[in-house]
Amino acid sequence: MSDREVLAERFEEHRSHLRAVAYRMLGSLNEADDAVQETWLKLSRSDVSDVRNLGGWLTTVAGRVCLDMLRSRGTRREEPLEDQDGLIRLPDPVVSGPGGVDPEQEIMVADSVGIALMIVLQTLAPAERLAFVLHDLFSVPFDEIAPILGRTPASTRQLASRARRRVEGAAPAADTDAVRKREVVDAFLAASRGGDFDALLAVLDPDVVARSDGGTLRPSLLRRGAADVASQAITFARFAETGHAVLVNGSPGVVSVAEGRAASVMAFTIRGGRIAAIDILTDPERLARLDLGSVLPG
């Protein structure tokens, strides 16, 4: 086996981990794959014979690649969820069948990386996001993160601390009982199908937020408060009627189908036994890229 083949084999051992890092940084599965490929290219051009911890080296390289990608997007602090054209921008969901998450997907959605957390990560400035993701989610020491940002370890620690406060304030811990969460989602779907306004109010948190990302081809939706969200029962009923139970970022969700194709992916954030957020991807272009055939019946 050639040296390059040995290097490629060692890289493959870390690919899933690197993709998980890039997904948390970028919120896009396609861009995460691009970042992993760029990390491989940088590895293939580097002399790592003296590198004792290849996984750590690759993680910091992937972090630098993602930071450059974020900066090239023109991402800014407090980036709005809704852009100037009224379009909702949701991160890519990680969808798996109801039977469980396969090992690679499990890495992708470990650390309770639900859609709610991914949305908050999108609002962080690139440097804050890097410091928080690498340190808090992947335990990279600050003295290894600091050179990526061109800062001191103390300054990097402050960035992560600021990001942590914002994450904890905007995305407090969700319920963890998978069975109970599925029961809550099923109750919501049944109430939606039946147009039962009171039953919807009973299962929704008073401050629930519902967001729908239709891209440029379908309408976006943003509703706040239980009464406002419940008033959209007809909209939710359409998704519920053709819905199939799945896991979205490791939590109970729904994929609805129209004409044999995925029409939407619904993710739910549940706190205190009630639905605190509903995030729906209906953008047909992004749904097609998710390759959901494996989670659909037939």
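This is a predicted model: local features need pLDDT of at least 70, side-chain atom pairs count only at pLDDT 80 or more; totals for chains, interfaces and linings use all residues.
Contact here means heavy atoms within 4.5 Å.

Helix α1 covers residues 3–26. On its side of the contact with α2 sit R4, L7, A8, F11, R15, L18, R19, A22, Y23 and L26. Notice the spacing: an α-helix has 3.6 residues a turn, so residues three or four places apart point the same way. As for geometry, two packed helices are described by the angle between their axes and the distance between the axes. For α1 and α2 those are about 145° and 8 Å, and the crossing is right-handed.

Now follow α2 (residues 29–44) over to α3 (residues 54–73). Their axes come within 9 Å and cross at roughly 125°, an angle that is between 115 and 145 degrees and therefore makes the pair oblique. This crossing is right-handed too. From α2, the contact draws on E31, D34, A35, E38, T39, K42 and L43; α3 answers with L54, W57, L58, V61, A62, V65, C66, M69 and R73. The class tally is 10 nonpolar, one polar and five charged residues.

Last stop: helix α5, residues 115–123. Eight of its nine residues are buried, so the helix is largely enclosed by the rest of the structure. The buried ones are I115, A116, L117, M118, I119, V120, L121 and Q122.

Conventions: Residues are numbered from 1 along each chain as its sequence is written. Side-chain values use heavy atoms; hydrogens and water are left out. Axes are lines fitted to C-alpha atoms, for helices over the stretch in contact, and angles run from 0 to 180 degrees between N-to-C directions. Helices (H or I, at least four residues) and strands (E, at least two) are DSSP runs, numbered from the N terminus. Angles under 35 degrees count as roughly parallel, over 145 as roughly antiparallel, 65 to 115 as roughly perpendicular and the rest as oblique. A crossing is left-handed if the near helix is turned anticlockwise from the far one by less than a right angle, and right-handed if clockwise. Ala, Val, Leu, Ile, Met, Phe, Trp, Tyr, Cys and Pro count as nonpolar, Asp, Glu, Lys and Arg as charged, and the others, Gly among them, as polar. Buried means under 20% relative accessible area, exposed over 50%, partly exposed in between (1.4 Å probe, protein chains only).
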